[in-house]
Every structure is written in C-alpha cells, then in structure tokens.
Number of protein chains: 4
Amino acid sequence: MSSHSRIDIQEPTFGAGIWHFGRYVDRYATDGYGPPVSTLEAIDLAGQVGDLSVVDLTFPFDPPELGLDEVKAALERNGLRAIAVTPEIYTRRFVRGAFTNPDAEVRRQAVELVSRGAETARELGCDYVKLWPGQDGWDYPFQADHSELWRFSLDAVRELATAFPDLRFAIEYKPREPRNSMVFSSAAKTLLAIEEIGLPNVGILLDFGHSLYGGESPADAARLAISRGRLFAIDVNDNHRGWDDDMVVGSVHLTETFEFFYALRDAGWDGVWQLDQFPFRENSVEAARAGIRVMRNIHRALDLVDREALAAAQKAQDALAAQRIVQQALLSSLVER
Amino acid sequence: MSSHSRIDIQEPTFGAGIWHFGRYVDRYATDGYGPPVSTLEAIDLAGQVGDLSVVDLTFPFDPPELGLDEVKAALERNGLRAIAVTPEIYTRRFVRGAFTNPDAEVRRQAVELVSRGAETARELGCDYVKLWPGQDGWDYPFQADHSELWRFSLDAVRELATAFPDLRFAIEYKPREPRNSMVFSSAAKTLLAIEEIGLPNVGILLDFGHSLYGGESPADAARLAISRGRLFAIDVNDNHRGWDDDMVVGSVHLTETFEFFYALRDAGWDGVWQLDQFPFRENSVEAARAGIRVMRNIHRALDLVDREALAAAQKAQDALAAQRIVQQALLSSLVER
Amino acid sequence: MSSHSRIDIQEPTFGAGIWHFGRYVDRYATDGYGPPVSTLEAIDLAGQVGDLSVVDLTFPFDPPELGLDEVKAALERNGLRAIAVTPEIYTRRFVRGAFTNPDAEVRRQAVELVSRGAETARELGCDYVKLWPGQDGWDYPFQADHSELWRFSLDAVRELATAFPDLRFAIEYKPREPRNSMVFSSAAKTLLAIEEIGLPNVGILLDFGHSLYGGESPADAARLAISRGRLFAIDVNDNHRGWDDDMVVGSVHLTETFEFFYALRDAGWDGVWQLDQFPFRENSVEAARAGIRVMRNIHRALDLVDREALAAAQKAQDALAAQRIVQQALLSSLVER
Amino acid sequence: MSSHSRIDIQEPTFGAGIWHFGRYVDRYATDGYGPPVSTLEAIDLAGQVGDLSVVDLTFPFDPPELGLDEVKAALERNGLRAIAVTPEIYTRRFVRGAFTNPDAEVRRQAVELVSRGAETARELGCDYVKLWPGQDGWDYPFQADHSELWRFSLDAVRELATAFPDLRFAIEYKPREPRNSMVFSSAAKTLLAIEEIGLPNVGILLDFGHSLYGGESPADAARLAISRGRLFAIDVNDNHRGWDDDMVVGSVHLTETFEFFYALRDAGWDGVWQLDQFPFRENSVEAARAGIRVMRNIHRALDLVDREALAAAQKAQDALAAQRIVQQALLSSLVER
C-alpha cells in the first residue's frame, strides 16, 4: 500500500517465554496437557515459529544437568538469543514462599537459586533476570504479618541486585495465583518497593494480562513505570479479566492491547514484544504465530494513527472521537493481511 | 447450656472428596505441592481425620490396577463408606472435552470411563455417581457452536442415566476452570439441562464455592434445586469470590455458609455435609478437621436460631433485624467450643 | 467492493431505549449529569440520530400528564415507532421491591403500573412490554426467603401475561444493580421461571452487557433462549465486565459483540438491534450514532464471514482457526467506512 | 467476665460521613430512595444514633446558604464535632473531571471549591479535608493521556496542600465509580502520588470497602500507609467484593474487618472509627447503630486475642492456627452482647 511505502517500518523484536512451548499441567489434568518437553525441545519449537528472535529461559534447565553449551548451541541453530533467565522459585520447595518463606533456610535457597540463574544469565548475555515470586504472599486473612512479608521481599531483591550490579532484575507483578494474594501485586506497589530498595538495576516486567486482570489500565501502568525509568520488560497475552488466562494476544481486548503498545511507542520505550501465552489446548507453535500476527498488525497500525487528531481528542478527553480515530488505524492495518 | 439440653442434636454425616487428601499440582509447582499419594494412602488419611463417615472416590484408582477389594478393606478399616465415585473425565485424554470433545471417539471414551465408574459405584453401594465435566466448554469467542456442545452434553448424560437406571448421577456445575467457560456453569442452567433430559436419576451436586464465585447466592441456588427435587449432593469450602479457591469452610464467608445450611435445613434436605477443600499448603488432615469444626458449630447454631423472629424479619425483608438474629445464633454456638 | 455488490444487504432495524437520551443521575452527581429531559425532548433527540427507527418508551411519561397523542405526534414527526413500553417499577415507591415488595399493597401497585403501561403499549402498537424488576431481589445474606421472592415474581408476571394475552412481556434479567442480587439474574434462571409460568407470551430481553458481566457468553445465552422460542428482544452496549457500564457498542468487546450477532443471524432471529447505552459524559446523539456505526459494520461483516470455514473450525473446536476467519471478516467490513 | 474486668477498655471514637444520613439517588430511582434531607436534618439524625462523636461534612452545605453558625449549633446540640469537610467535587459541574477536567476553568473551580471547603474546615477545627476526586479518571480506552491526568491530579493536590499548610488533606482512593477508572485507584498508587508531591500534610483516607473491592487486603494496605506516615483516616463498611456496596460493617467480611482493625491497633494507629455506609433501603439511624454495634464488638475482641499465639502462628504463616485463635477472640467478644 502506498501509505505504507512512505513509512519506514522497523519491525519490533519478537520474543517468548520458553514455557510457551513447554508442557502444561493444572490441578485437574495432573498428567499434563501433553507429553513432557525438555528445554532443548522447547527451544527447537520456538525456532519453528519463524518470527521469534529472543526467548526467556526458565532455570534450572530441564533436565537440570543439561549443559550451558548445549543450550547455547540450540539457541544458535534456531536463530534465537536468551533475553532473560527466569529462576523457578515457585516449585515444590517454594510453595510456602520463596523470598518470604517462613523458614530462613528456604529463603536462603531461593536467593541462591536466583543467584545461580543470574550467573547463567550473565554467561548467556541476557538483558535481565526475571523475578517471579508467585508463591510469595498469603492465602487467608490473618495468615501472615504483611509488614514482615514486605521486608523479606525487599531484602531479598536488594541482596540480589547488590550482588549482581552488572545485571538488571525485573520483578513480574501479579494480583494472585498461585498464591491467593501476592506481595508484588500491582505496578504501583512494585514501584513503591523498587523505590524503597533504591538501586538502579531493579525494575518491572509488566505482563499485559496481569495488569488488565488486576484492574489496571496496562497503558496507564506502563506510563507510570516508564516515567520512573523502571519498565524493564513486557509480556503480552489476553484474558477474560477475571483470571490470568494467558490467551492469544488480542483475542479479547484488541483495543486495549493497541492502547498499551501505543503508550509504549509514545513514551519512547522500545524493548522486546514478548509473548507469555499458555496455549493449553492449542498447538504451541501455531499459537505463537497467531500472537505474532496480531502484534505485527498492531505494530503497523501504530504508524497509521492520526496522532495529531488523537492528541486533540485526548486533550479534550473525547472518548467518541478517540475511538473513531483508533479504530480507523487499527482496522486499516489489520485488513491488509 | 440448658438451651441445648432441650434439643436433640443429631449430628450430620460428614464427608470429603478423597482428593482433599491427595497431591496437588498446578501450572507453577509442576512437581506438586507434595509427594504423590495413592488411593489407599488417601483413604488412610481420611480415616485419620476422625469425624469423616463417607468419601467420594475418584476413579480410576491410583494406581489403576488397585483392586476393589483392597479399596473396600481400606474404607472399612477407616470406618468409611464410599458415598460417590467421580470418574476422571478431565485428565490428558479429555483436555479438549469429555462429553463435548470434537472427536466422537473421545466422547465415547468419556462415556465408557463413566460407565466403568458407575459399575464400581454400584459395587461400592454409593449414593451417586458424580459428573464433573470441567473440560467441557470453550476458551475463546467463536471457538465452538454452543448448541452442539449443549446437545453433546445432554446426550451423554441421558445415555448414562438411561444405562444405569438404578444409580443417580449428580452434575457438579461451575462457571469455569479448567475451561474458560463450562457448559454446566450455573444451578439454573444445569436444571434446564436436567429437565430437558427428563430422567428422574439426574440431579445437581451444588458446590458452595462454585455457586458463590459464580455470583449466585448458594442458599437461593439450593432452594431452587430442592424445589425441583434435584439437589442430590453438596460440597462445601470457601473462596475470595473471584476464583474457586477451595479454602477451609467458613474462613471468609461464615454468614453465607450459615445461610446455605439454614436453607438446606429449612427445606428438609438432609444429605451429607461434604468437604471439597484444596489445602495446597496445609496439612490435609488438619484442614479437614478445621472445616468440620466450623461445620459442627454451624450445625449447632441451626438449633439456636430464633426461627419465628427470623421468619418475621424475612417476611418484612428487614436485613438489619435478620442479621442481628443470625449473628446471635451463630456466634453463641461458636463460642461454646 | 465487488464482494459486497453481490450480496443483498438488508439493514437491520435500529432502535434505542428512550432513556439513552434522558438525563442521568447517580449517587454522586445527585444534581444530574445534565439538565432534565422530558419525554418529548428525548424523542426529538432520538429523531436527530437519523438511523433509529424504533424506541422503547419508559412509562409514565415525563411529565406524567403528557398525553398519548402528543407522544404519538412526536414519534411521527421523528419517523419513529414505539417498539416497547418499559413501566418504571424501580423508582422511589418500589425501592424495596416491585413484584417482590414485602408490602402486598406495593406489589399491587407494581402490577397496576405495568398494566397501565401495557394498555399504553397496546395503544401504541408496541411489540412487547418490557419488565425490568431491578429492585426485586435482596442486598444482604438472610434478608429474604428466596422461595417467596421467586413465587412473588412468577405470580406477578403470570397475572400480567394472563391479563394481556394479546401482548408479549419481555423480562430483562441482570445479575445485580440496583439490588445487590436480582431474582431474574441470568438467562437460564429467567428461562426456568418462564417455563414454570407456562404462558406463550412471556420471554426474555437479553441485554448484551448484562449477560457479559454476569459471566455468560451472550452468544450462548441467545442460542439457549432462541432454542426455546423465548428471545423476544435484545439490547446492546458494552462494559469492562465488572459492572453494567452501558458503554458504546463494541468499544471493549468487539469480537464478542460480533459473535453475539452472528449467533442471532445463524439462528434465524431477526428482531431489532437496540441500543441501551448510558453516555453519562458524552453527547447522547453522537453516542447513539457511534453505536449504530459499529452495529452497521458488524452487520456488513456478517455477510463476509466464510461460513463454511467457520463451521469447520467450530466443528473441530479450533479456536485459532475460528479467530482468524472472524477477524478477517470483521475487519474487512469495518475498514470500508 | 473477669477477663474483661482486668482490661481497661478505652472505646474508640466513632464517626460517620454525614451522607450516611442523607438522601440516596441512583440512575434508577432518580426520584431518590427517600425525601431530601438538609444538612441540619442530617446532623440531627447523626445525633440520634447516640454513639457517634464526629461527622465528616460535605460542602457546600444543603442548602448552600446555610450559615456556619447554624451548623456549629446543630453539631453542638447533638454532641458532635466535625472531623472533616468533604468538598463536593463530583457534582454536575465536575462530571467530566474536577482536578483533571479538560477545561482549565473547571479545574480552577475545583481547586476553589476545595479551598472554600478548607477554610470552613479550619473554622470548624477539623482534623482534615477529604479529597474525593471520584470523577477524575477515564471511562474508555484511549480517552485520555494518563500522564496528563496524573500531572493534573498531583498539581492540584500540591497547590492545595501548599496553600493550607496548617491543614491535612486526605485522599480517598477507589478503583472506580463514578468514573470507570479513577486516577487515585489504590493505596499504593496514591502513596506514589503523595511521595511525588512531597508535602507532609497529604495522606490517605483508606475506605475498607474500596480497598477490599479493589483486590487489596485492607490490613496490608493500612500497614503500608502507616509505615510511611500517611494513614490520615479510615472509613468502614462492607461489600460483596465486586462493587462498592457500602453495606453495614461486618455483614459479609467479618474476619477481614477484624484483621483490618487488628492491623491498625498493632501499628499503633488510633484515629476515628468512621462509618461510610449507604443504607439505601434501611433506616439510616438503625443502620449506623448496627455498624457501631459490630465495631464495638470488634474493639472488645482486640483485647481478647492471644497475641503471643497469633504472632507465633503468623511467624510460621500457619493459616489454620491463626484462624482458630482469631475466631476464638472474635466470637467470644461478640457473644457477650
């Protein structure tokens, strides 16, 4: 289209959490939604997608004795780079808490596991270490002293960020699951924690679905984090707003997904566009392609927005005008495929 | 208390789903919240609780080759009876649907598995076969023809109920999980299905938590099912209203739990008071005892309600008066322990 | 577009609740979101939209002494027809209940008000009388005897439908608001009531937003009601799924709105496409136009769906394939504007 | 009880928002849930409760020409003190925003109205001026530039707090309503704003129901605000977790209400225990008494908690043990009445 040829569209870098290609289990299908998938197999599946450039690797690898060289080789043969390492501080050892476990010895193990993950991230040349303390929180009223959980959480992150000053640590917040309530539950609460920690190498990984289902506007949350220099990474997916369904990008909230990416572009943020989908019952390679197809369309649409008109509409807080402008851009872009 | 000595309190029968004592897994702690627990071990744990009389057994047993005689012996030595069998139509084979699977062969397998479970239930002298078609539904808009899913679901239940006219089948409804949307999602929708099926031996298992988190008043849902002769069984637990947290009974919604049991008593329903808790991070025997302690208190409180005063308050729809009466009874009862 | 010229697109009839053009009040802006709007003024505003053919009129008119002839004249000069009358059984007199009020005298007044509304509907040649018993339900646990509320509700509707056998009565269900819990809370529960009433002239008005926010799939709910011959009317709008926000059609859930209309078309339902938006802070005429613009696009898209491919995808319950087909049609259609 | 006679129970100060005794209106009962209530009448109703010591007064008074002396006299004759003034920056003039209105002139009017309210608060000797910017936010995706709304909000609060250094300003946050999304939506986000403002006289009013329904643990939110010296005031009520129902205290979440007050006591916070109930369909004086009865019981229960045992349970994060301890205290206390 001529309107496109005038615009130099530099595609974003697409990425995915490696678990996207793994094996899902839940409390009902305890034998899994499919057969086991090793780290190397998952990397090969990621490679099959064809549009992915980076992956976020869970650590330890599966099997744990898998060597780093083999992982590097698998990444290379698939044209992939490890953008991050996600230490698994949410498995059986840590179900009563990782950084906030009542047992000091387990808290120590959590920090050690993340440290080993950080060393691996360093060797892989990653951009950041992801912290996902999903077991840190509480289930019942009166179960815990919230101040102590807060302190435990901040102490652990501070210790890690101090020990690895050359690495960046991105905290992925979420309202709940697996814990009924997580300590790092929202963008604002995590930013409060980060500012209290006071180190430059701690930031946020904003998962679109976590933000949406936590009642935030992901676009608003992104701007807040960026304004404080703390948006280290993003994950995208979709849900029905009541749970972290990790559905394919844009399958429910296309407009809000577009608003999210518009806010990122507008604020000059240009990190990786990363998938965190859980295609329980779909082919994982196809599901990744579907997500990338939508993201690619959204990316193209960003150039088609009449930015001046939108700025005027937003200045006037005119919802009807803004929607019309946005639908025009979004849908023009999408139909070209 | 004198007010008690005048009343002949016949304790209800307490029961539990055997999975209460099993091993939990979710998509994060894929190695489980604890070590594996076999059917016999779970029965022994149920026996340790001390107040349980009946259990609902998942089928096939674990391991699958476990003989019925061994199960019977384990039940007997623990003073337990099998009130129901729950065929596992939600494991890997059925993740894309049991009764509604797009593949006719898998639908057939689902009916067969339930049939084998029904035979086992017959041999165990159970009160009902529980149908929990948690994988029957859809995840995405436009994914399925809802009319076809409805038809598949009703056909399967009708076939089963016809094949086993001497047994009762209790459908456990739930808004969602593991599917994003379940076919049997509410009391009313399940009653519509049951009346369409038109057989006397199909009813509802009303799970308090499913009802609450689906936006129903469990007391209202119970009355509706009872008025049509279809309340075959109940499960109790609690949650934070946004998800099926399967917490300990009364830990969050004590008043609404009391209202639920009050409605059952008032309508003359006298089935088993059954636990469906998932104590992921607690000792399962202790969690069962905690749930029974609360249920026992509630049971005692039922006799302490000033029924005439409450009837008058409800006649006037006077919320403040009703609450005062109820709190008085509930709390008087609880404090005696 | 050539693909369009081959298809004879017969536009649907567009309608709106007259309150769309009225004055909004809530518990904060108690002085209203704008100045008062009389019935005649509202009809004139509806006329300004330009694409509306029918309106649903609240009754009594405002002011109450306004004559029917004046209303008829206003409708006529704006090219509008009254499709329905909605008796206001939710104002001060009825805040403790209309059909379920604890005071028999007020219950009588509710039936009388609806009866007068029905007579007006008859004189206006309406298609149906809408019943919206938003104050019928309860707020607190233990406040009411749910069985009595159910009986009161059914008795009133049965009495009305019997008294006006030539008119149709459409019950608009909703989970809650203004009551914390409504008696007619879901499609399934309302269908149970309707079948219990057992008269042919009682059906459902399915409000898309009520259904969505109540956890239903509106498409599924519509099919269920149609399969029993009880879908008398629909209202459309949108929301954030946590409340009945009555936002502009398609502003959040475009795909699900499309799925809803697809289900209606597929089942051969061809009633009015009716707006129930509450543009608190927008120009009401512009908001109606925005809603109609989206509905018109959706209508066009219905013809663009590759129905065979979609049927195959749904047969296989293939979410990824279904989404791709649907996005293609929906977005092709939308971009033409 | 002897256990009580040993404890010197100093009752807390009970308060209420004056709107508790006002007239409710919503979008359905536009003629109100009762007749109009003037400021003086509302003060007299508050006086009738018998246990209230302070009230939070909305400003301007009703009628606006009502003199301050008359208000003072009414307070005095009812034994009441004005703890706060709440300027009404959410009525018709401000429905498109107060501090964030797109029109600079309206933003100016909002600041001026609060300023006049602040002067009145000063003359009344209030503890704080409450800021409740419920119209400040957005309804639709893409409607506003979130960064600008944030800046507008902070600028206004900073200007006010600077202009009245002798007064304290308490921001009441809430996820939504009347706006679909509010700028000050959570405790953490409001704390971020307050720390960015950087003045000592800006803090939080934590409404229990807003916190609960926003997905927070109110006890956790309170501790966070107290730890930063920013918890200026609290409001209590209850809800069904999906909306700000403003029900009677303890009617649904008794345990969590107790946990909230326990956290306050534990952190040494000793402000007013203030009601923010909306008894739409109840007698407002009786509803206030019901709320105070529950609060008084909770207050007594605080002394009955086995604090050492609870501390040990929380140290171990033992939910079952904590619940048992808490139920024991809570219920022992309640039954004495």
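Analyst: Rings of Phe, Tyr and Trp (for Trp, its six-membered ring) are paired if their centres lie within 6.5 Å; planes under 30 degrees apart count as stacked, over 60 as edge-to-face and the rest as tilted. By this criterion, the whole structure holds 66 aromatic pairs over all chains. One of them joins Phe59(C) and Phe61(C) edge-to-face, at 5.7 Å centre to centre with 85° between the planes. Phe59(C) and Phe61(C) are both buried, that is, under 20% relative accessible area, where over 50% is exposed and the range in between partly exposed (1.4 Å probe, protein chains only).

The model is predicted: local features need pLDDT of at least 70, side-chain atom pairs count only at pLDDT 80 or more, and totals for chains, interfaces and linings use all residues. Residues are numbered from 1 along each chain as its sequence is written, chains are lettered from A and ligands numbered from 1 in the order in which they are written, and side-chain values use heavy atoms, with hydrogens and water left out.

In chain A, one aromatic cluster is formed by Phe14(A), Phe208(A), Phe260(A), Phe261(A) and Trp273(A). Rings also meet charges, a charge being over a ring if NZ of Lys or CZ of Arg is within 6 Å of the ring centre and within 35 degrees of the ring normal. Arg107(D) lies over the face of Phe152(D), 3.9 Å from the ring centre. The charged end of Arg27(B) sits over the ring of Phe278(A), at 4.3 Å from its centre.

Turning to chains A and B, 42 residues of chain A are in contact (heavy atoms within 4.5 Å) with 42 residues of chain B. Together they bury about 3800 Å², 51% of it on carbon and sulfur atoms; this is the accessible area (1.4 Å probe) that two parts lose on being put together, summed over both. The count of salt bridges between chain A and chain B is 10, each a side-chain nitrogen of Lys or Arg within 4 Å of a carboxyl oxygen of Asp or Glu. Arg176(B) forms a salt bridge with Asp245(A), with the closest N and O atoms 2.6 Å apart.

Between chain B and chain D, 27 residues of chain B are in contact with 27 residues of chain D. That pair buries about 2200 Å², carbon and sulfur atoms giving 55%, and its salt bridge count is zero.
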